[in-house]
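Please open the model in your viewer and keep the selection tool at hand. The stops below are meant to be taken in order.

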Amino acid sequence: MIHTQLAAAYSGPPAWTFGRVFSSWQLEPVVLAITLLGTVGYLFGVSRLRRAGTAWPVGRTAAFLLGMALWVFTTCAGLGVYEKVLFTDRAVQSVLLLMVVPLLLAMGAPVTVLVEAAPEGRRERLRAAVRGRAAQVLMFPLVSTVLLIVPPWLLYFSPWYRLSLTSTGFNILFHVAFVLLGLAYFWPRLQIDPVARHYHPLLGVAITVAEVIFDAALGFVLVFGSTLLVPHYWAELGRPWGMSPRTDQSWGGAVLWGLGDIAGVPFLVALIVRVIREERARTIEVDLQLDQETAAAKAAKTGAARTAEPAALEPEEGMRPWWLDDPNLAHRYGPSSGPS
């Protein structure tokens with residue numbers, strides 16, 4: 001009887017299935033507008049760069065387009081349809097929007113496209129903005145790390161989570177803000193795009209480890225905590241199918257914990273590869289500098305030897321002919337000797 005009443009009051013999507021993640025769709029106008037304009041602008045900029053003779057890697061374009069497509073899929077496909085019905089669904093969205101979508105977009109080097117494809121006068125202003133004080137503060141390792149670590153905690157332990165379930169505006173804010181905050185982290189960490197200041201990639205590895213720890217802490221709290229978030233919302237929702245809200249929250253915490261760590265692996269690999277490449281480049285540079293210094297020293301030594309006056313050949317002490325010192329023969333071979 002209670003189950004029948006809940007089913008009658010429930011007005012959300014039908015029971016979740018894996019197939020409906022791909023077959024169910026909804027319209028998210030703000031994300032669609034941003035991704036459409038961003039994609040067109042990016043492709044236009046790449047086209048201008050290539051017409052100007054700049055070689056642009058196909059992999060960067062593919063990464064950017066994949067990031068835009070994943071952003072649309074995360075908010076408009078089944079993940080978006082069930083985002084207000086399942087806690088676990090929202091957790092998957094959080095990881096994808098904060099860590100995967102921004103990583104792909106940053107790998108596409110959109111700032112480089114924006115700066116280099118701009119008109120000459122605007123290009124210099126954009127470069128100055130990237131090197132400006134605001135950019136330096138935003139890209140400072142501690143600041144960018146906070147921008148990645150804090151949002152999930154802020155979402156779930158502030159009114160934002162409840163508002164994202166009940167308010168269209170706050171839900172759109174979640175869809176957009178998580179991607180922008182993730183970009184603010186991955187941009188200076190990857191350093192594919194121009195940055196205000198270069199930091200050694202090993203620093204990014206250390207920050208990634210710290211981020212993994214914070215993800216684990218958040219997942220631990222949600223999995224083993226005794227408090228159910230927004231219990232009144234779940235009671236009013238009356239979802240008649242699937243797991244209970246408390247079990248759903250535990251699974252969502254596990255997703256934030258596990259999927260967050262898995263999502264960080266590609267970034268960690270990219271940082272390690274960058275460390276290896278930078279060390280190889282530095283080794284080559286040092287070897288080249290040493291070779292140049294050695295060649296210059298040899299050239300200087302050879303030039304000095306050629307320009308030096310030849311010294312008179314004098315017999316060294318201890319090498320004087322013995323007959324010059326013999327009293328019986330010296331008068332014959334001495335300097336004053338002559339024909340008798």
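Select Leu 142, which in this predicted model counts as exposed because its relative accessibility is 57%, above the 50% cut-off for that class. Leu 142 sits in helix H10, which covers residues 141–156.

Residues 94–115 are 91% helix and 0% strand, with end C-alpha atoms 30 Å apart, while residues 168–187 are 100% helix and 0% strand, with end C-alpha atoms 29 Å apart.

Now move to helix H11, residues 159–166, and show the side chains of Trp 160, Tyr 161, Ser 164 and Leu 165, which are buried. Look down the axis of H11: its buried residues fall within an arc of 135°, so they line one face of the helix. To see what they pack against, display helix H6 (87–107), H10, helix H12 (168–190) and helix H14 (231–237).

Finally, select Leu 259 in helix H15, which spans residues 245–307. Leu 259 is partly exposed because its relative accessible area is 30%. Setting aside residues up to four places away in sequence, Leu 259 touches Val 92, Val 95 and Ala 254. Although Leu 259 and Val 92 are 167 residues apart along the chain, their C-alpha atoms are separated by 7.8 Å.

Definitions and conventions
Residues are numbered from 1 along each chain as its sequence is written. This is a predicted model: local features need pLDDT of at least 70, side-chain atom pairs count only at pLDDT 80 or more; totals for chains, interfaces and linings use all residues. Side-chain values use heavy atoms; hydrogens and water are left out. Helices (H or I, at least four residues) and strands (E, at least two) are DSSP runs, numbered from the N terminus. Buried means under 20% relative accessible area, exposed over 50%, partly exposed in between (1.4 Å probe, protein chains only). The arc is that of the directions from the helix axis to the C-beta atoms. Contact means heavy atoms within 4.5 Å.
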